[in-house]
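Please look at the sequence and the model below before reading on.

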Amino acid sequence: MAATRFLLGNIVVGSLLWTITTIWAAPLIEPIKPISQIPSIDPLKRDVGRSLFNDPRLSVNGKVSCASCHDVQRGGADANVHSVGFAGQLTGVNTLTVLNAALNFKQFWNGRAASLEDQIDAVVVNPVEMGSKWEDVVKLISKDDKYTSAFGKLYHDGVTKQNIINAIASYERTLLTPNSRFDKYLLGDANAITDIEKLGYRKFKQYGCIACHQGVNVGGNMFQTFGVMGDYFKNRGNETEADLGRYNITHSESDKHVFRVPSLRNVALTAPYFHDGSAKTLDQAVDIMFKYQLGRNAPKDDKEQIVRFLKTLTGELEGKPLLEKSASD
Amino acid sequence: MVNSAIDKAVEKKPSLLFVDDEPSLLTALRMAFRAGYHVTVTTDAYEAIELLKTRKFHVIVSDQRMPSMTGVELLAKAKELAPETIRVLLTGYSDNDAIIEAINGVEVHRFLKKPWDNAMLRKTINEAIELAYRLSGEAAQDGVSPLPATGENEPRKSAEIIPMPVHHRNTAEEKNATVQSQEKPTVLVVESMSVKSDLFDQVKSSLGDKADVIHARTVADVFNSMKRIPISTMVCTIDTQSEADRLFIQMLKKDYPYIFVIAVCDSTDSNHLIELINQAKIFRFIRTPVKTTVLLHYILSAIEQFEELRKNPLLIHAQHTEEISESLLTSTVGKSFLDQFANANKSIASSFAKLFGFFRSN
Amino acid sequence: MKKTLQIWLVSVVLLVLTGGWVYLYTNSHAVTAEKQNEALAILKDMKQMDANWNVDVLRSQTELNLDYDPLASPLSDFSAKLATLDAEAKSLNDSSMEKVINDIRTSINEKAGLIDQFKAQNALLKNSLRYVPTAHREIREQMHSMQEKGKSDTAHREISALVNLESNVSALVSDTLRYNTVPDVETAELLKAGIKKMREDLSLYPDKVRDQIDLLMKHLELVLNFRNQQFSLLQGINNVPVVSKLDRLGDLLNEKFDAELTTQFIYQRILLTYSACVLLLVFGAAALIAYRNATERKRLTVLIDKKTLELKENEAQLMHAQKMNTLGEMVAGITHEVNTPLAAIKSGLQTCYELVDTTNTYINESNAFSSMLVVPPPADEEARKLRKTRLGHKLMQVVDMHNELVSMEIVGGINQLLSDSLKNIDYISQIVTSMLNFSRLDRSKISKIKIEECINTTLIIGKHFLKTVKVNKKFGETTLINCDIAQINQVLLNLIKNGAQAMPVDTGEITIETSMLSAEEICISISDNGAGIPAEIQEKIWEPFFTTKKAGSGTGLGLSTCKKIITSHGGRIDMKSEVGKGTTFSIVLPLNPSGDLYATHGEARNNGFVTAPA
């Protein structure tokens, strides 16, 4: 009798709490923060930035632009394991998404760029990616009257490397994807995600995925060794220089195979996963993560729920919800 | 009533023409020459000109200041119309420009100042008449001088006239002459006889080849030059204020009447001018600053006149001067000059006589 | 040239001085605390950020921070702030500052690196710690279930072995958890050994749990490693000398600022002294200039006075010269005018002498003849015949003489000459009177007269140049005029002479008119029909020394002095002329002269012809 009463009590309290949380919709205090707002920007600058982002003149042979690898309509990256540079070479690592890149504390898998500006600088001169020289880019851009007049309006010193980078970076800063269903949930809309997705989130936390994939960008704010509980690279084989990760920057032993933790926002759109693009699906990615990072065994259901949760992290770009690729899974 | 004797006498008398705008003066003149002259008077210069055209006069005397024309103008006309009529200018107002013009342009023989002394007047007129006769060749036919015997005439001392040098070409006779014969005339430039100037250079440069030019600075220089070379023309700077200057020129002209003197002076005191003209018969006057063209013209004129004189020796009488005043001759300067002249004359005359043919004028 | 050079020099000096002052001023007011304060504020912010960062690290460690965003965000903030400081340092070209800033940057990066390590380790540590109890429970449950199973059909020994193993695991887990709480060295050693042993004894464990235990070991190792490192890591993070470096920069900035303040102060001092010197200089210069001006003014005043005096003297001399000229003019006129009648008189009287002499001779001869006649004839025929011959001769002589005298019209002649002489003497006397009238020597200077009298006197004086000229007099009815008669005569003589000389000979005419212009003014006009005065020089004729006559003849003083004389009378003189037609001079004189005239007569007295008798 006492047990039943206890149980009844729990049920009542539980449903009460449930009711409160769903009806009253107070924002939750969670390790993941919602994207609050897109920074406001001079529309001209954004247009110029967008233009430049899509402008293949940034590459030495005019074949590739930022958008070639970072397709904002397709999750801000491309569907390739490795992207193709201006001369057809393959990049060393899988292309990260440009969406919400502004929220990352560093850019690139090995975190060598401290800001979006540094990332843009590095890409343009990268011998594989764009292979150009900034003087040439500036010259090319200066020849274009549209750009020169716009730059003249925006910047007092016209077309310069600094200003080109600033324009592109300013544009990129507007590429935030708020209003994902999970964000809405975080903001207090209890009905924004399903129970299973909520369950998935709980599992995400319980298993410890949240230890690294936290913060406003669900990751992107720390480094972590890839293959904590096991030697991923040995098992995968074909170790490349890129696989050394942060070691290539710091040359410190402890930084071998250390990479920047990627953001999981819009993860449903950014297959293939990991720096080597080895996981083609989220399920595969989750499996690898469990094995090598968490060092946990999880039942299939739990993993599925986690995947379901991950899919709620897909947000809106410029007011329009980004669409999941249909044949992703 | 005039009888034939008187007529004859009248014809024989020298005729005088007096022109002055003041009638009382003409009366006085007429009365002064009442006897022995044929006197014509008029107050009108134009009438005088008409008279000159129709009748012969020996002497014409004119006042300078007259209403219709000046005396110089009238005498200029007279020179044109009757060149043999001796011209005398009466002047009551010292008008230096007119006087110099009279000399330079019109060749007035004598000047008379108002008021005059009748005796002086008569002497001047008589000399003029005699000159007229000589020039026209009208010597006294009966040996008697046409001049009325007034006792004031003094026979001129013609013996002392130094013979004129002759400019002629080199002949065989003169080959051993020590003095160079001249084809060119020689002009003596006498400077700094009290006045300093660069006259010599001016004369030399302006004459060029036309004549030789010698320089003399002192009286001794002048005589020395004259001993060596016969001088016919002399350009001389004169200080009209200096008695010595004036006296020298006067004495020179007296002894060497054929020397044509061109006087260069800056200030002119009209008294002295008249004295110089009357007593030294200055050929031309030039005021400083000397215009080279004018100087050249006068020098050439003088040389021409000399040639004229050589051709027509009677013209020498036109060069006759008035007597120099006694007081001047007996002054210290005068005495020294007399000595110098006496010495010089001898040597000059002798050298000329020896080397050149000379032409003795009467 | 020298003046422009001076001006250039002065300008350059002034420019240099001003430049110097401006330089000093800018340098003495250059230092603003603004930038300094900004920089110090930035440093303060950075210190705060650093402190917060430290706190956030601990908060993350204690799970008060749920995510690592607070540990990541300072980077960009630091970067921005350092960039500002960098810009500042660059603008000041301060290499020491740049060095310190780079130092700070290095420290921050160092700290960031350590924090990155912390984040990575902390995440894994937390995960492992959370998992260890769960893993332990699962293993325990597994082993219990195996124990349960074993109870039924296996040996007791197996079960106790399992229990042993299980207790080993538990011990290890609890050791680990204990180590997590108090990470001392012994426990670490113990754990290390324990895990090692467990690994070695892994084969003792049943298959089912071997993987799980292996996994668990991994986690325990992780906990061991990371907990071990965590303390030193946290210490390291704390010890990164960001603050001290920030303080160093702060000190450096303060030092610099103080130095700048000191230099500014020095500059201020210099500026003050400089300004004082320049002021002194300026005052000195001003004083010098003022003094110079004063002395210059004095000198100029003296000079002006002297010059004015000279001018007055010159004017007086001019007047005097003009008067001399007129005097000369007059004398010339007189001389000529007098000489002619004198000549007539002298000649006439000399001739009279001669004629009287001739008459005397005749009288004597007549007397002689009469005497001869009176003597009775001698008785002697011879003597009588001789007497008759002699008488005849004498008679002839006398008759001849008589005829001569008659023909000579001797009496008439003598009478004529004598009468002419008297007339000429009168004429000469008239001229002398005119002279007196003209110059007014015998009377006072200013007195009343009829202007026509002056004109007539002047005409006589000027007779010698008026010989060739016709003079028309058109006199009106005029009142007596009060004036300096001698001066007016001078003026009239000048104008009339000018007119006469402008004329062609024979046809020349001068017209002199007088009239009353008004009740108080007389007008005199002198016109000639001469060449006229060209328009270009019509203004110039009034200038002293201007003349159209050739050099040397006439000093041309006339018209300027005339004007002066007329204006000092309070009148005016005008000239109208037309080339080819003639010239007219018009003089207007007041009946009573202006005060000037009386004033100047004090001086004029001495510049007159002769000092007038008192």
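Predicted model: local features only at pLDDT ≥ 70, side-chain atom pairs only at ≥ 80, totals over all residues.

Residues are numbered from 1 along each chain as its sequence is written, and chains are lettered from A and ligands numbered from 1 in the order in which they are written.

**The sheet of chain B**

Helices (H or I, at least four residues) and strands (E, at least two) are DSSP runs, numbered from the N terminus. Five strands of chain B form an open sheet with parallel pairing in the order 7-6-8-9-10, where two strands pair if DSSP finds at least two bridges between them. Strand 7 and strand 10 of chain B are the edge strands, each pairing on one side only. Strand 9 of chain B pairs with strand 10 of chain B in the parallel sense over four bridges, and B:A263 stands opposite B:F285 in strand 10 of chain B.

| Edge strand | Residues |
|---|---|
| Strand 7 of chain B | 212-216 |
| Strand 10 of chain B | 284-287 |

**The contact of chain C with chain A**

In chain C, 20 residues are in contact with 22 residues of chain A, contact meaning that C-beta atoms, placed from the backbone, lie within 7 Å. Helix 3 (69-92), helix 4 (95-153) and helix 7 (207-239) of chain C each supply at least two residues of the side that touches chain A, and helix 4 of chain C gives the most, with nine residues.

Terms used:
Contact = placed C-beta atoms within 7 Å.
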